[in-house]
Amino acid sequence: MTPDEQKQAAADAALEHVEQGMRLGLGTGSTAAKFVDGLGKKVAAGLNVVCVATSEATHTQAAGLGIPLTTLDETPELDLTVDGADELDDNLSLIKGGGGALLREKIVATSSQRMIVIADASKHVATLGRFPLPVEVIPFGQEATRRKIKSAVTACGCEGGITLRMHDGDAFVTDNGNFIYDCALGRIEEPETLARFLSSTAGVADHGLFIRTADIALIGTPEGLRTIKVDKWHE
Ligand code: 5RP
């Protein structure tokens, strides 16, 4: 299977977890978009669900497919979120935010009873960190925040460049009006510790480490579908 077929296989497998009447969180990115496409077909065929999108892009896609949409204010508790990832390890710790939607993705995923990650095989790694870790910061004091992020990653034994994400010559702006620093750390030996440090850094809106958030990963591989399940409440 090509990477694109692997993403499709993962998205199709996730659709099998969707049941009538569910409240769903819809992820962002090319893999999540395949899930949303499939969901649109099921809705057209009579499936009754209500969904919260994790980005303006996903909202537009879902609305175009006639998928019923709500907000977390109207529907604060969801049954299931299905989303992609930039990296995932065997514990289902994730790096997300390559598409810049990490803040809403985390709010939606942590408002869901379950989160299913869908990915192609290239996303499954032994140690997180090859993909630069996105950290969303509020624009006020962004350089001061960058220095605090640097201190936090150093304190966690990581090092590497921390660069402001750019788009067409300007700082990339998230759906929330924030900026993103991408932290090229190479290896993150203790993701949970780094997540805690970054979460307590003033100016950081959120970071792309998702710890104890996902329950199941459905990974398309050249050999077929691979499933990883964890008990996210384990010690
Ligand atoms: C967006 C994300 C995406 O889930 C992640 O970037 C994976 O995207 P893709 O499925 O296109 O590889 O976190 O913020």
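My entries below go from the domains to the ligand and then to the salt bridges.

**Ground rules.** This is a predicted model, where local features need pLDDT of at least 70, side-chain atom pairs count only at pLDDT 80 or more, and totals for chains, interfaces and linings use all residues. Residues are numbered from 1 along each chain as its sequence is written, and side-chain values use heavy atoms, with hydrogens and water left out.

**Domains.** I looked up the division first: domain 1 covers 3–124 + 212–229 and domain 2 covers 133–207; such bounds come from an automatic or database domain assignment. Taken over C-alpha atoms, the two centres are 24 Å apart. Domain 1 brings 13 residues to the contact and domain 2 brings 15, where contact means heavy atoms within 4.5 Å.

**Buried area.** I found about 1,100 Å² buried between domain 1 and domain 2, with 53% of that from carbon and sulfur atoms. Buried area here is the accessible area (1.4 Å probe) that two parts lose on being put together, summed over both.

**Polar links across the domains.** I count two salt bridges between domain 1 and domain 2; the term means a side-chain nitrogen of Lys or Arg within 4 Å of a carboxyl oxygen of Asp or Glu. There are also eight residue pairs in polar contact between the domains, both residues at pLDDT 80 or more. A polar contact is a pair of N or O atoms within 3.5 Å; within protein, one must be able to donate a hydrogen and the other to accept it, and residues adjacent in sequence count only if both atoms are side-chain atoms.

**Ligand.** I then listed the 17 residues around the ligand (a heavy atom within 4 Å). Ser-30, Thr-31, Asp-86, Gly-97 and Lys-123 come nearest. A backbone N or O atom of Thr-28 lies 3.0 Å from a ligand oxygen. On the side-chain side, Lys-96 has an N or O atom 2.9 Å from an oxygen atom of the ligand, and Glu-105 has a polar atom at 3.1 Å from one.

**Salt bridges overall.** My search of the whole structure gave twelve salt bridges. One joins Glu-192 and Arg-212 at 3.4 Å, N to O.
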